[in-house]
Structures are given as structure tokens and as C-alpha cells.
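Trainee: Hi! Could you walk me through this structure? I'm new to it.

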Amino acid sequence: MRLTQSTTTGSVHFDAPTVTPATPFIKCVGGKTQLLPELRKRMPERIGTYVEPFIGGGALFFDMQPSDAILNDVNPRLINLYVSVRSHKEELVESLACYEKEYNTLTSINAKKDFYYQNRTEFNYGFETDLTVDDAAQFIFLNKSNFNGLYRENAAGKYNAAFGWKERIRLFDEAILSSCSAALQNTSITNGDFEDACNSLSAGDFVYFDPPYYSTFAGYQAGGFSIDDHLRLHNLFQRLTESGVHCMLSNSNTEFIKNLYAGYNIDVVPVKRNINRNGNARHGEEVIITNYMSNQIIKL
Ligand SMILES: C[S@@+](CC[C@H](N)C(=O)[O-])C[C@H]1O[C@@H](n2cnc3c(N)ncnc32)[C@H](O)[C@@H]1O
């Protein structure tokens, strides 16, 4: 805490320390930052373990900062990044600073483009071996210098997003990374399928499911997220409901999703979309589905 003394009155003021909030450190298609006010209002009043089986950029987790959490994603490279932020933040910052400096000092955009594609190739080869902190830094570099922050893999499981033509890049804010690292300290971070992440939950735990959208953008990993995956997720939602686990799920507002979850609480909320193949319909709607009653919703 900083102390300041007024020169005119002699009185002493205490300036509250400014803490940088933890916010997502990657750009993620389908990120939930803009939906946070709607999600917050629908959180149950009390939660045991907080679980996010599709962590992506982790917008809700960083907003809530629960003390006991399980964070999971099927993407091993994304999970390696979370582990690096949690356990090797200093090393990660050093590596990020090198990527940023090297890119920004290249004098032509074509040289920057070559640097991007060279790293993209290395990133895909590096995947064959154990993932390192440098792979985590490379993930952030590719995520922030590609086109529109789009994480996309081809059918062979190779990251294939195109170059973003940026003159300069800023890869990190150390204060935000420190806050994120602190928020991640007591979390269990796992790499696998969403069903496995929900294996050992009990009544009173809370799960936020933010799966890839149905029928729109579902190219997060090779093979996408199929209708069978949506049906599997619905079965899990039902099993967890029967066990007394509080569940909240978001997805695009489609008849398929609304029919699948008919019988649960379904709210439709407006959103702005950035990713759209034909460039129109940038406004859309999402659904937020809960398996608990509205009288358990906190009024903020
Ligand atoms: C919509 S994003 C999550 C966005 C996140 N809530 C945010 O705020 O940034 C969906 C995530 O699901 C992951 N995913 C796709 N299929 C999965 C599966 N079968 N099991 C676990 N995660 C999966 C993707 O890798 C991606 O990170």
C-alpha cells in the first residue's frame, strides 16, 4: 500500500494497491468475455469444486477466481500453456519477450510473414515431442500474430491459421500474466476429453460447459465437435443433474441445442460475433442453459 502526504493540509492518504485483474492471456474464438455479465448473474450461490471441461481462454474462470478448480481442454498445446503460466511464469515471460523483440525488429512485412510461417512449421513438428515452456510462448506468439486469433487445426491435427499481417505485436502484459499465474496456483489442469474431466464430481460442485458451437464454427481441433459429441455432452449434463451437480452451458441459439436441452432453464442472450465466413450476421444469439432454478441465481 502506498502512503501519500498532502502538501497543503498535511493529511496522510492511503492509496489502495492497484491489482491488475486476471483476464485471458490468449485470443480465443468463442471467448466468453462479452458474455460475463450474463454468466455471472446465473452462477449458483454456493459452489464446491469449480470445473471447466472446455477451458479455451478461460474468461469465466479468471473472472470468478474460485479457490478450488479443475480446468481441462482436449488441446494439449493449450494445456501446456496453462501449466506454463501457472508453474513457469518467469521463464515464459523471458521467452515471450524474445519472440516479441525478434518480430518487431524485422524491417519488412514479408520477413515478419516468413518468421510467422517458420514458427508455425516448428510448432507443428514440436508437437511430436514433449511440450516445453518455449512451445507455450510460441503458442501465444502464433495466437497473437495470426489472422483474427483463430485457433484452427487441419484434418491431420496441424495448426494451420494464416498470417495476420501485423506491423507490430504485443504478446503479453506481465502484470496480467502474474495475476493469471496467481489465480491458477490451486487448480488442477488436465488434458483430455470433457467427460473424463467430470469423472469424480459430487453434489454441490459446479460445471461451466462452453463447448464448440453447434453447426457454426467447430474447427478448434482436428475432427471438430460432432453431433455425437453434443449428444454425449447432453447425456453427461443429465447424469450430473441426477447427481446434484450444478451445471451451466452456453452455445449458439439453434433449434438443435434448444430441443436437446428442453426441460432445463434456457435463456437467450444477444452477442456480437467476430468470426463469420461470409462477413455478415455479426450479431447473433447464444443460449445459457442451467440445471438449477432461477431462485438460486445471485442478484449482483
Ligand atoms: C468455445 S471454446 C471455449 C471458450 C472459453 N470458454 C473462453 O472463454 O475462451 C471451446 C474449447 O473446447 C475445446 N474442446 C473441443 N472439443 C473438446 C473435447 N472433446 N473435450 C474437451 N475440450 C474440447 C477446444 O479445444 C476449445 O478450447
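Mentor: We'll start with the overall picture and then go through some helices, loops and the ligand.

Trainee: What kind of model is this, and how are residues numbered?
Mentor: This is a predicted model, where local features need pLDDT of at least 70, side-chain atom pairs count only at pLDDT 80 or more, and totals for chains, interfaces and linings use all residues. Residues are numbered from 1 along each chain as its sequence is written.

Trainee: What is the mean pLDDT of the chain?
Mentor: The mean is 87, and 84% of the residues reach 70 or more. For reference, pLDDT is the predictor's confidence in each residue, from 0 to 100.

Trainee: Where is pLDDT below 50?
Mentor: One such stretch is residues 216-222, which has 21 contacts in the model beyond near neighbours in sequence. A contact means that the C-beta atoms of two residues, placed from the backbone, lie within 7 Å. Residues 276-281 also stay under 50, and there the model has two contacts beyond four places in sequence. Where pLDDT is low, the predicted coordinates should not be read in detail.

Trainee: Good to know. How many helices and strands are there in the chain?
Mentor: The chain has 10 helices and nine strands. Both are DSSP runs numbered from the N terminus: helices are H or I with at least four residues, strands are E with at least two.

Trainee: And what percentage of the residues count as buried?
Mentor: Of the 300 residues in the chain, 34% do. Buried means that 20 or more other C-beta atoms lie within 10 Å of the residue's own; exposed means 12 or fewer, and partly exposed is in between, with C-beta atoms placed from the backbone. As for contacts with a separation of 6 or more, 70% of them join residues 24 or more positions apart.

Trainee: Let's pick a helix. How many residues of H6 are buried?
Mentor: In H6, 12 of the 13 residues are buried, so this helix is largely enclosed by the rest of the structure. Among them are Val133, Phe139, Phe141 and Lys144.

Trainee: How far does H6 reach?
Mentor: H6 reaches 18 Å from its first C-alpha to its last, close to the 18 Å expected at 1.5 Å a residue. The expected span is 1.5 Å times one less than the number of residues.

Trainee: What about H7, which residues are buried there?
Mentor: In H7 (residues 174-184), the buried residues are Leu177, Cys180, Ser181, Ala183 and Leu184. Seen down the axis, they fall within an arc of 160°, so they line one face of H7. The arc is that of the directions from the helix axis to the C-beta atoms.

Trainee: And what do the buried residues of H7 pack against?
Mentor: They pack against helices H2 (59-64), H3 (76-87) and H4 (89-105), and against strand E5 (187-191).

Trainee: Which loop holds Trp165?
Mentor: Trp165 sits in the loop between H6 and H7. Its phi is near 55°, a positive value in a residue other than glycine. Trp165 counts as exposed because it has 12 C-beta neighbours inside 10 Å.

Trainee: Where is Gln65 found?
Mentor: Gln65 is in the loop between H2 and strand E4 (69-73). Phi of Gln65 is near 45°, again positive in a residue other than glycine. With 15 C-beta neighbours inside 10 Å, Gln65 counts as partly exposed.

Trainee: Switching to H9: which residues are buried?
Mentor: Leu233, Phe237 and Leu240 are buried in H9. They cover an arc of only 70° around the axis, which puts them on the same side of H9. On the other side, Ile227, Asp228, Leu231, Asn235 and Glu242 are exposed.

Trainee: What covers the buried side of H9?
Mentor: The cover for the buried residues of H9 includes helix H8 (194-197), strand E6 (206-209) and strand E7 (246-252). Just after H9, Gly244 takes a positive phi of about 80°. Gly244 lies in the loop between H9 and E7, and Gly244 touches Ala203 and Gly204, leaving aside residues up to four places away in sequence.

Trainee: Last topic: which residues come nearest to the ligand?
Mentor: Of the 23 residues around the ligand, Gly30, Phe54, Gly56, Gly57 and Asp210 come nearest. A residue is near if its C-beta atom, placed from the backbone, lies within 6 Å of the molecule.

Trainee: How does that shell divide into nonpolar, polar and charged?
Mentor: The shell has 11 nonpolar, seven polar and five charged residues. Here Ala, Val, Leu, Ile, Met, Phe, Trp, Tyr, Cys and Pro count as nonpolar, Asp, Glu, Lys and Arg as charged, and the others, Gly among them, as polar.
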